[in-house]
Amino acid sequence: MVQKYQSPVRVYKHPFELVMAAYERRFPTCHLIPMFVASDVVNEETSEDGATLKVERRCALDVDAPRLLKRIAGVDYVYFIQKNTLNRKERTLHIESHNETFSNRVIIHETCCYSVHPENEDWTCFEQTASLDIKSFFGFESTVEKIAMKQYASSIKKGKEIIEFYLKELEDEGITEVPRWTPSSLPLPVPRPTSLSTSPTFLPKLAITPSVSIPLPIDSKDSASPDAKQDSSAPQTDSLTDILAGTPEDKLDADYIKRYLGDLTPLQESCLIRLRKWLQETHKGKIPKDEHILRFLRARDFNMDKAREILCQSLTWRKQHQVDYLLETWSSPQVLQDFYTGGWHHHDRDGRPLYILRLGQMDTKGLVRALGEESLLRHVLSINEEGLRRCEENTKVFGRPISCWTCLVDLEGLNMRHLWRPGVKALLRIIEVVEANYPETLGRLLILRAPRVFPVLWTLVSPFIDENTRKKFLIYAGNDYQGPGGLVDYIDKEIIPDFLGGECMCEVPEGGLVPKSMYRTAEELENEDVRLWTETIYQSASVFKGAPHELLIEIIDASSVITWDFDMCKGDVVFNIYHSKRAPQLPRKDPMGTHGITSPGGNNVQLIDKSWTLGQDYSMVESPLTCKEGESVQGSHVTRWPGFYILQWKFHNMPACSATNLPRVDDVLATLQVSSHKCKVMYYTEVLGSEDFRGSMTSLESSHSGFSQLSAATTSSSQSQSSSMISR
């Protein structure tokens, strides 16, 4: 595999001629580059007018490689050929280097360029590209590549320092200005080379270091970046031409990177520049900001191919759903403003924006039912978009790179209601979207007042969170956050929220129960203008008198667990679970049972054939459960046999008055209105393996939740284990 390197634009705030005088002092040897043993000038040409000087050198490098590898390669030094073209008239220096040693096994190519700054003629710019291709090396290809990358990176880092060192040396000698070339001026003297000691062939290891060495001899470590191997896939001649022709906006300046993006290694800088350039050349949409590109690189440990893949997927997603305009177009519904217990609150000690989420006080089920997953996801995305904006703002305010934020999650009040499976499922999907499109945006997560139930929730959620992100989590139980090593280590005492014992008023809503009157039906939730998910967690169904709704679940492994969660939006039903060894016929949608009127919205599927006999063709595995309008039911069933299980919601007939045979007024009115014979249910089901079920939130359904006034209604049979919770 070819390794490439592309440097950022490094700027010397000195005239080109003075920088060239400093550069020449690197030869024939340089004590600041220990591996640079010697160099010989093998050819030198000057144009008739003296404007152009071409110098070819043969440079020897002593690579720091294991002795065994050197012995196997049979060399002590590695030789490189460096060709410099100095154009005094155009004020440019082009440097091209390649390895002479092991050139049939290893191909190292580097190009560097010194030129005048496009906006300030008294400043000098430096850029370099390099590539390393190890075709074969006695079976040590991987080792040689690692050595080369390491040494090349270290030498690049010193590049600018070396030039600055010689500039300071010139200043100490009283040389602060070198006249520009004119047609009448004489060419600058070229230092005489010291002869190279004749050594046998040179160390192959250099094949790797050569990348580093390439620049060393030629352009003062700046040109010889050991990372040369990491850039340039094509001949560097064209690259240099492009460099000179490019405008400042096309490139990244090293000082800009340090100021706005942080301290990056040479290889990391190279990855950023190359990926940015690739996007500019191939991506037709909006190019993300440099700090956002850098986040994707960090998320994949600067593996450019992997980072490019996930970044392109994210850019497609952003374009498809117009996420770039989310902050301008998204307006939080009133229910979110009243019941979503999260908000921005100043910043932490590092200057990162601080987001506070009082998860323990949030009615997660109510928000999902009132808003749907789509609106909730859009709200979370708007929070992330606002976080990106605040990071940019804080970078300017604090004068240092700030690319992520801190999140403080207060879990006081967390209990069984938060382990509602559809809610957790929605949470996991939101995490999946955020992880894919906002990597490396979370700098630190402070989890406070974690209750006993938290380990269960953490077990469910943590597998969906990137390992690097999990390392940023700090968890405090009880009041541990108030002691040493707690909250005050990360947040200034003056801005600790009042509900955590601080003195700062926090405007985050206190939450509470979302009124059921605000709940929306599946049809309403499916009519969202913008779909960020392709399906919704809930399905809706209509139940008519004489036409139950039935759901088929095929079980392959015995002891699997069928879980369900449904809400009675309208009417009363009887919930049953049946088992059959026979596969029912293809589902048939019954219009309105005996009424022959098409169901206006909502599914109605019947699976149990009317010719089937209960007890012979299928059997009831649970006692019937009557569910009233407005109730929420959660439960699970541990299957005993494989086969086909049918979940049935059946219209509940009102019992006649026991004191008389006369029908009640309600019953008479019901017979006059077809609509009264229709029930509406929203449901969600999932099948789990028994090993996955144990310890999950659905195995805790027997617990009582005061928040939702859950009352347990548990039934069981000799054939299976089942339990359900009803929330009224």
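Which residues lie nearest the centre of the second largest pocket?

**About the model.** This model is predicted, so local features need pLDDT of at least 70 and side-chain atom pairs count only at pLDDT 80 or more, while totals for chains, interfaces and linings use all residues. Residues are numbered from 1 along each chain as its sequence is written, and side-chain values use heavy atoms, with hydrogens and water left out.

**View 1. The whole chain.** The chain holds 19 helices and 26 strands; these are DSSP runs numbered from the N terminus, with helices being H or I of at least four residues and strands E of at least two. Of its 728 residues, 53% count as buried (buried means under 20% relative accessible area, exposed over 50%, partly exposed in between, with a 1.4 Å probe and protein chains only).

**View 2. Inside the second largest pocket.** Lys286, Lys289, Arg318, Asp324 and Glu392 lie nearest the centre of this pocket, which is lined by 34 residues. A pocket is found on a 1 Å grid over the protein atoms alone, as an open set of points where a 1.4 Å probe fits, with protein on both sides within 12 Å along at least five of seven lines; lining residues have an atom within 4 Å of a point. The lining divides into 13 nonpolar, six polar and 15 charged residues (Ala, Val, Leu, Ile, Met, Phe, Trp, Tyr, Cys and Pro count as nonpolar, Asp, Glu, Lys and Arg as charged, and the others, Gly among them, as polar). Helix α13 gives the most to this lining, with seven residues.

**View 3. Helix α9 and its cover.** Nine of the 10 residues of α9 are buried, so this helix is largely enclosed by the rest of the structure. Among the buried ones are His292, Ile293 and Phe296. Their cover includes α7, α8 (266-282), α10, α13 and α14. Just after α9, aspartate 301 takes a positive phi of about 50°.

**View 4. The largest nonpolar core.** Tyr340, Leu367 and Leu411 touch the most other members of this core of 53 residues. A nonpolar core is a set of buried Ala, Val, Leu, Ile, Met, Phe, Trp, Tyr and Cys residues joined through side-chain atoms within 4.5 Å. The biggest contribution comes from α13, which gives the most to this core with 11 residues. Leaving aside its neighbours within four places in sequence, leucine 367 is in contact with residues including Val335, Phe339, Tyr340 and Val514 (contact means heavy atoms within 4.5 Å).

View 5. Strand β5 (residues 78-87) runs antiparallel to β6 (residues 92-99), and eight bridges join them; two strands pair if DSSP finds at least two bridges between them. Here glutamine 82 stands opposite serine 97 in β6. Four residues separate the two strands of this hairpin, and arginine 91 in the turn has a positive phi of about 60°. On to the next pair: seven bridges join β6 to the antiparallel strand β7 (residues 106-116), where leucine 93 stands opposite tyrosine 114 in β7. This hairpin has six residues between its strands, and phenylalanine 102 in the turn has a positive phi of about 55°.

**View 6. Threonine 29 in its loop.** You can find threonine 29 in the loop between α1 (16-24) and β3 (36-46). At 37% relative accessibility, threonine 29 counts as partly exposed. Its C-alpha atom is separated by 9.3 Å from that of cysteine 59, 30 residues apart along the chain.
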